[in-house]
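Trainee: I would like to understand how the terms applied to a structure follow from their definitions. May we go through them one at a time?

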Amino acid sequence: MSERISLAAGYVPDPLLVSVLACALILAVGEGLTAFRRRRPGVPRRIAAGLLALRLLALASLLAVAFELTLRIEQVTASGRRLVVLVDRSASMALPDAPDEDTAPTTRHARAITAWQDGADARVGWRDDGLVVDVRGFHLHSQPFTGALADTLEGQSDGAGSDLARALSELTQPEPDRAPLAGVVVISDGLVAADAATEGRLDTVAASLGVPITTLFVGAPFIRDASVAEVRAGEFAFVENVTEFEATIVAHGLAGAATEVQLRRNGEVVATERLRLPADGLPAVVRFEVAPDRVGQFVYEIAVPPQPGEATSANNTRAFVVKVLRDKVRVLHVAGRPDWDVRALRTLLRRDPNVELLSYYILRGLDDITREDDTAPLSLIPFPTDELFEEELGSFDLVILHNFDAVPHQVEQYLDNIARYVEEGGALVLIGGDLAFTDLGYGLPELAGLLPVDTRRRSPLEHGAVRPILTEAGRRHPITAWLSAAHEGWSQLPPLDDHNPLPLNPRGDRIGATSLLVHPDGADEEGRERPILAVAEPGRGRIMVLATGSTWRLGFAPDLPLIDGARPYDLLWLGAVRWLLRDDTSGRLTLETDRPRYLVGETVELLATTWSASYAPEPGIAVDWALRPLATMNPSQAPAPDGAAPKPLLEGQWTTDGLGRARHTLEALEVGAYVAWARRELAAGDGTGLAEPNLDPDVDAMGQHEVRRVFIVEPPGRELSRVDADPGLARLARLAEATGGEALVAIEGDTLPRRIALREPEDGRNGLRVDARRDVPLWNGWMALLLLLASFGGEWLLRRRQGEV
Amino acid sequence: MRPVDLTRRTLLTGLGAAALVPVAGLARSVASAPGGSGSRASFDPIPAAPPGPGVFDPTTPDWDDHDPAPFDPFTGNLHGVDSSTITIDLPQLRYEGNWNPRPGAMRVLARELRLRTRLEPALEPGEVAADADALFSTPFLYVAGEGELPPLPPGGEEALRRFIDLGGLILFDAADGGTDPGFVRDVKALLQRIAPASEVAPVGRDHVLYRSFYLVDAPMGRTRTHDHVLGVQDEGRLRALVMRNDLGGALAETNDGLPAYPCTPGGNVQREWAVRFGVNVLLYATCTDYKADRAHVETLLRSRRWR
C-alpha cells in the first residue's frame with residue numbers, strides 16, 4: 001500500500017476569467033522577477049528575495065482561494081486486471097447439431113464444455129499473467145459461476161433467451177473494488193440477437209466496453225428441425241365471420257418432407273394444411289381461414305408435428321388466445337299487426353347499438369287493400385317471405401314472430417325451415433296475441449314438436465287482467481329470476497291485459513320445455529299447466545313462447561316500480577334476449593383475468609363478480625373455483641393415459657365482498673395454457689347441490705352459473721424460434737473483429753489461446769486500487785485567509801520600509 | 001341484405017310492390033290443401049325420435065290430429081274464430097275549458113285506420129283526465145284545443161311528464177287552424193315544463209312521420225297554414241307533436257256522416273291528405289321509425305327509380 005497525493009480544483013471559473021487571471025498572474029510574477037533582478041541600489045539581495053517570495057506566496061494563496069484547491073491524499077495498492085468469460089446458457093445451446101449430415105450431432109453445450117476443458121492450460125497461463133478470470137453464465141441475464149461450475153461449465157442450458165448485450169452492459173457498471181476489465185471471452189452459438197434492433201444494441205454495448213472480445217463459436221452448420229417461427233392472429237374474432245390465422249414455418253435439414261400443419265382450438269384439431277417443408281431457413285407461410293361457430297375465449301395453437309430426428313419439438317407449437325365475440329346481433333322482428341306491444345319491443349331492440357334489427361310488420365290486410373285508393377302513394381313494401389325464411393334465415397341470431405298469423409302470409413310453408421333453423425342453433429320467440437295462435441300456423445308437426453307449448457289447437461286470445469305466477473324454475477331462470485328478487489313477485493307489477501290459453505307441450509320433456517310464468521288460475525280443465533311464459537331448448541337452439549301480447553304494460557304504468565333502476569319490461573326482455581343468444585354476460589357470475597397472456601414468472605389476477613337476478617353486484621356469495629392446465633402446450637401437462645382430464649392444479653372457494661367481487665392471485669405457473677373455472681352456489685332448494693367441477697373449456701357446456709377463462713403463460717422471447725447457428729457464426733466473428741478480439745470456431749479445432757487479446761494498460765492508475773482517500777481543503781480555512789493577508793501585507797510593508805511605496 | 005328477386009312475390013300478390021298482403025296465403029292455402037303438393041320437399045325432414053313409450057313423436061297420427069285452419073282467402077281472416085281482437089284506444093285529454101272543439105274527430109280517425117290499415121282502434125275512443133291512472137292505459141294521447149290551454153289540475157303536468165318519459169306520444173291539435181296562436185303558445189309552454197331538456201322544433205320533411213304509411217308531403221288539416229308540424233324529440237323518438245292546421249277539423253263529421261267543416265283551400269282532396277297524415281301519426285305511434293329501416297328505404301328507392 002502506498003500514499004498518493006494530488007491537488008484537486010473545486011471550482012473552475014469561466015475560460016475568460018481564467019485567461020484574465022492567467023494574464024494577471026503572469027504580470028504579477030513578471031513584475032516581481034523584474035524587481036528582483038533590477039533591485040535598487042542599497043536594497044540587500046535577501047530583502048529582494050523576500051519580496052519575491054512574498055509575491056509568489058500571495059499569488060499561490062490567491063490561486064488556492066480562486067480555484068478552491070483541495071489536497072487529495074489517497075492510499076492505493078497495486079491490483080491485477082480482469083478477464084470475463086461469458087458462457088451462453090440459453091436453451092438453444094442444448095440443441096444438437098453437426099458439421100455435416102453424416103456426423104453424429106452433438107449439443108452446443110457439450111462442445112463448449114470440451115473447448116473449456118481443452119483450454120485448461122491456457123486458463124492457467126492467464127492466471128499466471130496476473131489476470132483475474134471471472135466466469136459468468138448468461139441467458140436473459142448473467143450470473144457468476146463459482147467453484148466447480150466455473151471449472152467445468154456443467155449444468156443445464158435452458159435459459160429462455162440469449163441477451164448477450166445485457167450481459168456485456170452489466171460489465172460496464174463501475175466496480176471500484178474490482179480489478180479493471182481488460183478483456184472478454186464469449187462462448188456461445190451466436191444466437192444472441194433476434195432482430196436488427198438487438199443487433200445494433202449489441203454492437204453499441206460492445207464498443208462502449210472498450211475491451212477486446214474474443215469469441216468461441218460452439219455451433220455447427222447442420223441441424224434438423226422444424227419450427228413455428230411466427231404467428232399472426234388478432235386478439236378478437238367475430239362468431240360466424242371468417243378470420244385468418246397465419247404462421248411462418250421455418251425448417252432446417254428437412255427440405256421436401258411432407259407434413260400437415262394443424263390448427264387446434266382448446267386442444268382439438270379444427271383445421272389442417274398440407275405443407276412440404278422448405279429448404280433450410282426459408283420461411284413457408286401457412287394460412288388458416290376459420291369461422292368460429294360460437295362466442296367465448298379460446299386457446300388456438302398452430303403446430304407442426306414432430307419430425308424424425310428433430311433437434312427439438314419444443315418449438316413446433318405456438319399458442320395464442322382469441323376472444324370470439326358476437327358480431328352485431330341480427331334480429332328479425334315480424335309482427336302481424338302494429339300495436340303497443342310491437343312498439344315497446346321495437347323501441348327496446350332499436351335502443352341497443354349491438355342489435356341489427358330487421359322488421360317486417362303487416363300494416364294492412366287484403367280487405368284494406370280492396371278499399372284503398374289505387375293512386376294513394378304508399379310507403380309499403382312486399383313481405384319477402386322467400387328471402388327471410390329461406391335465403392336469409394340462417395343469418396339471423398334471433399327471430400321474433402310477434403302476434404303473427406303465419407297462414408295468411410304464406411309463412412306456414414316455411415315452418416320446417418324455421419324448425420331446422422332452431423335445431424341448428426337459432427333462437428325463436430313466439431309472442432301471442434289475437435292473431436298468433438288462432439290460425440294453427442304453428443301447429444304443424446315440424447315446428448310444434450319443438451315448442452314448449454301445445455299449438456295443435458287454436459288458442460284465441462282471452463281478455464282479462466292476468467298477474468302470472470312465477471314458477472320454481474322461473475325463480476332461477478335468467479329470464480325471470482329478477483322477479484324473485486322483487487320480493488312481492490308480480491303483485492307489485494301491472495297486470496297483463498290478455499293471454500292465449502296454451503297448455504304446456506305434453507311431450508316437452510325431451511326438449512326441456514319449462515314454464516317460467518303460469519296463469520294464476522292454475523291448470524286448465526284437462527289438468528294441464530297454462531304457461532304464460534315457457535322456454536325450450538330443442539337441438540342446439542332455444543325457443544321462448546310468450547302467450548300474451550301485452551308485456552308492454554311492464555314498461556308503461558302510472559306507478560311502475562323500478563327494479564334496480566330498470567323497468568320490469570327491460571329486465572324481462574333483456575334477460576330473454578341474453579338467454580336466447582347464449583350471451584355469457586347473462587350469467588350471474590363473471591370471471592376475468594387481467595390479461596390473456598403472461599410471461600412465465602408473472603402473477604395472474606383472477607377476478608370473479610357475482611350478480612343479482614337484476615344484474616346488480618351481489619355480495620357474500622360463495623364461488624367454487626378451479627384451475628386446470630389445458631394440456632396443449634406443455635407436454636408435462638398432458639392428460640392421463642386413460643383420457644381423463646388431469647386434476648385441477650388449484651381449487652378452492654371464494655366469498656364475494658360487498659361489491660360482489662372476489663380476487664385471487666396465481667403465482668409461479670409453468671409455461672402452458674390454463675383454464676380458470678368458477679361456479680357460484682346454486683340457489684338453495686334446487687335439489688341438485690354442487691356437482692363435480694366441469695372443466696370442459698367448451699363454453700357451450702357451461703351452465704348459467706358457471707364461467708371459464710383461458711390464458712397462456714409463455715416463455716419470454718422465442719429462444720427456440722431460431723435454431724440455425726450459421727448467423728451466429730457470422731455475428732460472433734463480426735463482434736470479435738469490431739473489438740480487436742479473436743474469433744474462434746470450436747468445430748474447426750480452435751482452442752482458447754494462451755495469449756488472449758487484452759486492453760493495454762492506460763496510465764499510472766492502471767492496476768492500482770484506491771483503498772482510502774482524504775481531502776484537505778486549502779482555501780476555506782482561516783489559514784488561507786491569514787496567509788493571503790500576511791503575504792500581500794508583508795510585501796507591502798517590506799516595500800514601504802525600503803522606500804518603494 | 002342481398003337484393004331480392006321480387007318476381008315471385010309480385011305474381012303471388014298480383015298487386016306489385018304495393019303492400020304486405022295476405023293474398024300470398026291464397027296461393028299457399030290452395031297449394032297446401034290435403035293431398036296437394038304445396039309443402040316444399042326440398043328440405044330435409046326434421047329427424048323424429050323413434051316411437052316408444054313416453055317419447056315424443058311429432059309424426060304420430062295423434063300429433064297430427066289438429067284442427068283444420070278455416071282460412072278465408074278473400075279477407076285474409078279466419079272464419080268462425082273469435083279472435084278477440086287486440087284494439088288500441090285513441091284517447092283524448094279532457095280538461096277544464098274547450099277540450100273537445102272537434103267532437104268525433106278521433107272516432108273518424110279510428111274508423112279510417114280500421115278501413116285502411118291492420119290497426120284495430122276502438123270504435124269509441126276514450127276520454128281521459130290528466131291526473132287519472134287511465135292516462136296510462138295507452139301510450140297515445142290526443143289533446144285538442146282552441147284559443148288557450150288552461151292549466152291542468154294538480155299532478156296533471158307531472159303525469160304528462162311521466163307519460164312521455166315512459167314512451168308515450170301526445171298529439172296536440174290546434175283547432176284554430178293557425179289563426180290564433182294562443183293554444184300553440186300554451187302548448188309550447190307546457191312542453192317546456194314537462195320536457196325541459198328538449199325543445200319544440202319543426203319536424204323535418206325527411207322524418208319517417210311523413211312516410212310511415214302514406215307518402216305525405218305536408219301535414220294538412222282543415223287548413224294548410226303551416227307546411228310542417230312541430231315536435232319534441234328525444235334520442236330520435238317523437239314524444240309530442242303539435243299540429244297547427246286543425247287535423248280534427250278535417251276529420252270531424254256531422255251526425256249524418258258529412259264533413260263538419262270545409263277544408264280550405266283544398267277541399268276534399270285536402271281532407272284526404274289530412275286523413276292520410278292522421279293515419280301516418282298512428283302508424284308512427286305504433287311502429288315508431290319502422291319505415292326508416294334500411295330494407296324499407298332501399299325498396300322504396302328502387303320502386304321510385306322503376307317508376
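Mentor: The discussion below sets computed values against the definitions behind them.

Mentor: This is a predicted model, in which local features need pLDDT of at least 70 and side-chain atom pairs count only at pLDDT 80 or more, while totals for chains, interfaces and linings use all residues. Residues are numbered from 1 along each chain as its sequence is written, chains are lettered from A and ligands numbered from 1 in the order in which they are written, and side-chain values use heavy atoms, with hydrogens and water left out.

Trainee: Why is B:Cys263 called buried?

Mentor: Buried means under 20% relative accessible area, exposed means over 50%, and partly exposed lies in between (1.4 Å probe, protein chains only). B:Cys263 has 6% relative accessibility, so it counts as buried.

Trainee: What makes A:Cys23 partly exposed?

Mentor: The relative accessibility of A:Cys23 is 47%, and therefore it counts as partly exposed.

Trainee: How many disulfides are there over all chains?

Mentor: A disulfide is a pair of cysteine sulfur atoms within 2.5 Å. By this rule, zero disulfides are counted over all chains.

Trainee: Why do A:Asn266 and A:Asn403 count as buried?

Mentor: A:Asn266 is buried because its relative accessibility is 14%. A:Asn403 is buried because its value is 1%.

Trainee: Which peptide bond is cis, with omega near 0 degrees?

Mentor: Most peptide bonds are trans. The bond from B:Thr264 to B:Pro265 is cis, with omega near 0 degrees. B:Pro265 is placed in the loop between helix H7 (247-251) and helix H8 (267-287) of chain B.

Trainee: What makes strand E7 (142-144) and strand E36 (743-745) of chain A edge strands?

Mentor: Two strands pair if DSSP finds at least two bridges between them. The open sheet of six strands in chain A has mixed pairing and the order E7-E6-E3-E8-E9-E36. Strands E7 and E36 of chain A each pair on one side only. Strand E6 (residues 132-138) of chain A pairs with E7(A) in the antiparallel sense over three bridges, and A:Phe138 has A:Ser142 of E7(A) as its bridge partner.

Trainee: How do you know that strand E30 (residues 604-610) of chain A is mostly covered?

Mentor: Five of the seven residues of E30(A) are buried. E30(A) also has antiparallel pairings, with strand E28 (residues 589-593) of chain A over five bridges and with strand E33 (residues 661-666) of chain A over six bridges. A:Leu591 has A:Ala608 in E30(A) as its bridge partner, whereas A:Leu607 stands opposite A:Arg663 in E33(A).

Trainee: Why does A:Val20 count as partly exposed?

Mentor: A:Val20 has 48% relative accessibility, so it counts as partly exposed. This residue, A:Val20, is found in helix H1 (residues 15-37) of chain A.

How values were computed
Helix = DSSP H or I, 4+ residues; strand = E, 2+ residues; numbered from the N terminus.
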